[in-house]
Each structure stands twice: as structure tokens, then as C-alpha cells.
Amino acid sequence: MSEIHEAIEKAQEGEHGEGFNRKIALVIAILALFLSFSETLGKSAQTEAIDANVRSSDSWAFYQAKDIRRTVVSAAADQTTLLAASVTDPAAKAAIDKQIDAWRKTAARYESDPKTGEGRKELAVRAAAEEEERDLAMARYHHYELASAAFQIGIVLASAAVITGMIGLAWCAGALGVIGLGLLTLGLFAPHAVPLITAL
């Protein structure tokens, strides 16, 4: 009779262990699902940050080119104004004044050109906006990367819980999943709410 009781107890323990393993497998599957989300969002944010950084760099380079052109044209106008003071021929003086006026208008257009949006002022505003886009995307990226790390460590701990049968590892895996989900949510909706150390 005691053999029958032992067999029943072992069968119940096996059923209990099988139920535990199923629950842990479900935790692992959920962590893996959220890991795939955070990895996908992280790659997207990284690509967006690189794109915004390139656009910002291009805008600042264009800004510098406009500044150099404006400086050259303004210097030519100033120098020609000084030389024009010694010109006595009215026709030559009128031609020089016309050229100086054209250079001054060109310099003013290089400084600000709202029509095309390619004056120095407009380019500086555009570049600053692109830098903000880059910074936002990088903040999101760092949150997603930390969320991915939390999910990955959670998966490892849950897998170890299956092997060892230690319930504490399963609870730690679940806690890391919650932390990862929190980081993922922050990355999506409020990436600047919690500043992260990004220079690791």
C-alpha cells in the first residue's frame, strides 16, 4: 500500500513540476515577445537618429557655406565701395554702385531667405530642429536597449528556473520583465522623462 502512496505522490509532484514549467514557458514567451518589440523599436530609433544627425550635419555645412559666401560678397562690396570713392567718371561710378548694390542684396539673401528657406537664419533653425529629432531618437534608443537587456536577462533567469526549479528565479525574471516593460513604455511616450546615462 505504501508503494501505491509513493507512486501517487511522485505523479502529483510530476504534475506540479509540469505545471510550473508551463507557467515559466509562458513567462519566457511573453518576455521574448516584448524583447522583439524593443529590438525592433530600438533599430528604428537608431536609424532615425542617424538620419537626423546626417540631415543636421548637412544643414550646418550648408549654413557654413552660406556664411563664407556672404562674407566674401560683403568684403567685395566693402572693398569696391572704398575704391569707388576715387572714381570720377559718372558712368563708371554708376556701374560700380550697381554692382555694390547687387552684392549687398546677395549678402542679405545669404543671411535670410524666407522664400527658399536657405538663408543662414533658416538653415540654423532647421539644423537645430534636426538636432532635437536626433536627441529624441537617441533617448528612445537608449531606453529600448535597456529594455532589451532586461528582457534578455529575464529570459535567462526564467530558463534557469525551469532547470533548477527555483521559484525565486522566476520571480526575478518577472520583475525584470516589468522593468523592461516600463523602460519600453518610457521610450515610446516619454524618453526625456528619465534621463539615462548614455556614455557607457
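Begin by selecting Ile-24, Leu-31, Ala-147, Phe-151 and Ala-161, which touch the most other members among the 17 residues of the largest nonpolar core (a set of buried Ala, Val, Leu, Ile, Met, Phe, Trp, Tyr and Cys residues joined through side-chain atoms within 4.5 Å). Two or more residues of this core come from each of helix 1 (2-84), helix 3 and helix 4, and helix 3 gives the largest share, seven residues. The model is predicted: local features need pLDDT of at least 70, side-chain atom pairs count only at pLDDT 80 or more, and totals for chains, interfaces and linings use all residues. Residues are numbered from 1 along each chain as its sequence is written, and side-chain values use heavy atoms, leaving out hydrogens and water.

Next, centre on Leu-31. Its contacts (heavy atoms within 4.5 Å) are Phe-151, Gly-154, Ile-155, Ala-173 and Gly-177, not counting residues up to four places away in sequence.

Then select helix 4, residues 167-189. Its 23 residues reach 33 Å from first C-alpha to last, close to the 33 Å expected at 1.5 Å a residue (1.5 Å times one less than the number of residues). Buried positions here include Ala-173, Leu-176 and Gly-177 (buried is under 20% relative accessible area, exposed over 50%, partly exposed in between, with a 1.4 Å probe and protein chains only).

Move to Ala-129 in helix 3, residues 120-164. Ala-129 counts as partly exposed because its relative accessibility is 36%. Its C-alpha atom lies 8.1 Å from that of Ser-56, 73 residues apart along the chain.

Buried residues make up 26% of its 200 residues.

Conventions
Helix = DSSP H or I, 4+ residues; strand = E, 2+ residues; numbered from the N terminus.
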